[in-house]
Amino acid sequence: MSAIERLAAEVARLGELRTAEPLARHTTFGVGGPADLFLTVRSADALAAASAAAADADVPVFILGSGSNILVADAGIRGLVIDNRARAEFLDGTTVRIESGASFAAFARRMCRRGLDGLPWAVGIPGTLGGAVVYNAGAYGGCLADVLRRVRVQLPGGRAEWVDAADLHLVYRGSRFTRGELRGRAVLECELELAPGDPAELLRRAAAYDARRLAAQPRGRSAGSTFKNPPEAPAWKLIDAVGMRGMRRGDAAISEKHANFFVNEGNATAADLRWLIEEARRRVFETFGITLEPEVEFVGAWT
């Protein structure tokens with residue numbers, strides 16, 4: 001019996017297990033080949049157990065949230081993909097503890113309705129709380145670091161511990177996770193400290209952010225902003241300046257509405273989307289000497 005087969009037998013008890021699951025069904029780009037093993041878990045404990053089992057079996061593991069902010073290779077992902085749907089929530093006054101598979105946007109809107117301030121800017125951000133921690137998600141002048149107190153992470157060997165937010169070194173769209181310093185450590189839960197607020201006012205602010213987002217961003221299948229904004233200029237302005245607004249490769253395209261949004265307009269391949277991303281980086285660097293840094297992570301078997 002292979003390591004993958006042994007792992008499948010062990011983790012099947014932890015959730016719904018599928019083999020050769022097409023990841024295009026689970027990403028906001030709508031592209032991506034199959035996962036060897038695809039396990040849906042619905043609690044932080046099951047997430048921790050599955051992640052530990054993969055480590056013990058020496059099988060690669062990838063934790064999937066909402067499928068945003070990633071571009072999965074056409075060949076898919078080898079090993080175990082854990083579909084994280086752990087969403088339990090615990091409220092104590094203005095302190096909220098929530099599992100990492102919860103939708104960040106839905107959570108933010110729910111807090112507004114409850115009269116808890118700190119997240120109206122987040123009501124349109126795709127992804128899960130776990131992903132928001134990893135990338136220090138933000139918009140319109142706010143970011144998760146403003147309200148995050150601590151996170152519970154799984155350590156090598158299966159143990160878990162709470163880590164203070166200050167120790168994650170959260171920066172613009174980055175953290176110790178994105179820098180590889182916490183590689184292999186799954187985010188299980190996070191704890192946030194919000195502030196009392198008026199529900200009607202918070203929902204009014206959230207609606208204003210919704211309107212701004214709808215006016216500026218294209219609809220359709222994308223991963224949100226493709227590049228981080230460098231200090232010199234917004235990424236969209238640089239991409240527009242090198243003549244790439246509206247450029248296509250197959251069914252992959254750079255949006256006419258917002259040049260930092262790369263979209264799947266039909267049956268795009270991951271390879272075509274990546275080609276556009278790399279071409280934009282090349283042209284911006286050759287023209288302006290600025291290296292664009294992707295917000296989108298390339299995941300899976302690219303070579």
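Student: Which residues does Ser225 touch, not counting residues up to four places away in sequence?

Tutor: Contact means heavy atoms within 4.5 Å. On that criterion, Ser225 touches Asn260, Phe261, Glu295 and Val296. Before going on, note that this is a predicted model: local features need pLDDT of at least 70, side-chain atom pairs count only at pLDDT 80 or more, and totals for chains, interfaces and linings use all residues. Residues are numbered from 1 along each chain as its sequence is written, and side-chain values use heavy atoms, with hydrogens and water left out.

Student: Which residues does UniProt list for "active site"?

Tutor: UniProt positions are given in the numbering used here, feature names are shortened, and annotations may be inferred rather than shown by experiment. The unreviewed UniProt entry lists Arg173, Ser225 and Glu295 under "active site". These residues span 123 residues in sequence, yet no two of their C-alpha atoms are more than 11.2 Å apart, so they gather at one spot.

Student: Where do Ser225 and Glu295 lie?

Tutor: Helices (H or I, at least four residues) and strands (E, at least two) are DSSP runs, numbered from the N terminus. Ser225 lies in strand E15, residues 221-225. Glu295 is in the loop between helix H7 (270-288) and strand E19 (297-299).

Student: Is Glu295 buried or exposed?

Tutor: Buried means under 20% relative accessible area, exposed over 50%, and partly exposed in between (1.4 Å probe, protein chains only). Glu295 is buried, at 13%. Ser225 is partly exposed, at 25%. Beyond four places away in sequence, Glu295 touches several residues, including Tyr135, Tyr172, Arg173, Ser225 and Lys228.

Student: How many bridges pair strand E1 with E2?

Tutor: Two strands pair if DSSP finds at least two bridges between them. Strand E1 (residues 16-22) and E2 share six bridges, in the antiparallel sense. Thr19 has Leu37 of E2 as its bridge partner. E2 also pairs with strand E5 (residues 77-84), in the parallel sense, over six bridges. There, Phe38 stands opposite Val81 in E5. In E2 (residues 34-41), six of the eight residues are buried, so the strand is largely enclosed by the rest of the structure.

Student: What distance does helix H2 reach from its first C-alpha to its last?

Tutor: The expected span of a helix is 1.5 Å times one less than its number of residues. H2 (residues 44-56) has 13 residues and reaches 18 Å, close to the 18 Å expected. Its buried residues include Ala44, Leu47, Ser51 and Ala54. Just after H2, Asp58 takes a positive phi of about 60 degrees.
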